[in-house]
Amino acid sequence: FTKNQIYLLNNKYKNVVKIYIDFNDPKFIEKNNQRLLNTKDVFWKIFNQNNSTILDCTAGFGGDGYLLNSMGHEVTFIENSPIVAMLLKNALKRLDNRNIQQFFGNAYDYMKNINRKYDYIYIDFMFEKLKNKSLSSKNNETLKMISFNDNDKNKIIQLAQRISNNKVIVKEPKNARSDILKPNHIIRTKLLKYNIYLRNNG
């Protein structure tokens, strides 16, 4: 702990890595603003409905959800790792006037028991990359270590389709090994692909 910030130390590496979330960090703000001002950014293409409600089922360190909130959307974070949830809660507490809610728990259970819908459901299962590809950052490697795996990804996707007013987005590395449901279409970037599932209210 510091006076206002909670952090995690990962001693797996030669030099101990300090893991924390700080949405007020100048480097984070600069990176966020660069994407925000880039009208060709993939998020502007995917989340093209203004002032939407978005459920981020796998909040992690909150970077994607924060960007979506900066774009004018109302974002709800779900995080099932108690350690990550604590770091995220601490980071949100140090923010002012952000329309972001956070819940700790399992995304499937949350979606199954809520009596509402969201315009978009966003999911990042942190799929395994193929061998011989570039390594994740130390922050992401730490996140994988302390997060819980979602055992039935397809079950989560199908439920998300039923509570979505628009579509479900599943993010994964371009060369990820996965056996998730076939999407309606895919949006690709240099390193990532976004599997798009249309709503299914049946």
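Arg116 is placed over the face of Tyr118, 3.9 Å from the ring centre; a charge counts as over a ring if NZ of Lys or CZ of Arg is within 6 Å of the ring centre and within 35 degrees of the ring normal. This is a predicted model, in which local features need pLDDT of at least 70 and side-chain atom pairs pLDDT 80 or more, while totals for chains, interfaces and linings use all residues. Residues are numbered from 1 along each chain as its sequence is written, and side-chain values use heavy atoms, without hydrogens and water.

Trainee: Which charged residue sits over the ring of Phe125?
Mentor: The distance from the ring centre is 5.6 Å. The charged end over Phe125 belongs to Lys153.

Trainee: How are the rings of Phe43 and Tyr194 arranged?
Mentor: Rings of Phe, Tyr and Trp (its six-membered ring) pair if their centres lie within 6.5 Å, with planes under 30 degrees apart stacked, over 60 edge-to-face and the rest tilted. Here the centres are 6.1 Å apart and the planes at 75°, so the pair is edge-to-face.

Trainee: Are Phe43 and Tyr194 buried or exposed?
Mentor: Buried means under 20% relative accessible area, exposed over 50%, and partly exposed in between (1.4 Å probe, protein chains only). Both Phe43 and Tyr194 are buried.

Trainee: What is the arrangement of the rings of Phe47 and Tyr120?
Mentor: Their centres lie 5.1 Å apart. The planes stand at 70°, so this pair is edge-to-face.

Trainee: Which residues form one aromatic cluster?
Mentor: The cluster includes Phe43 and Tyr194.
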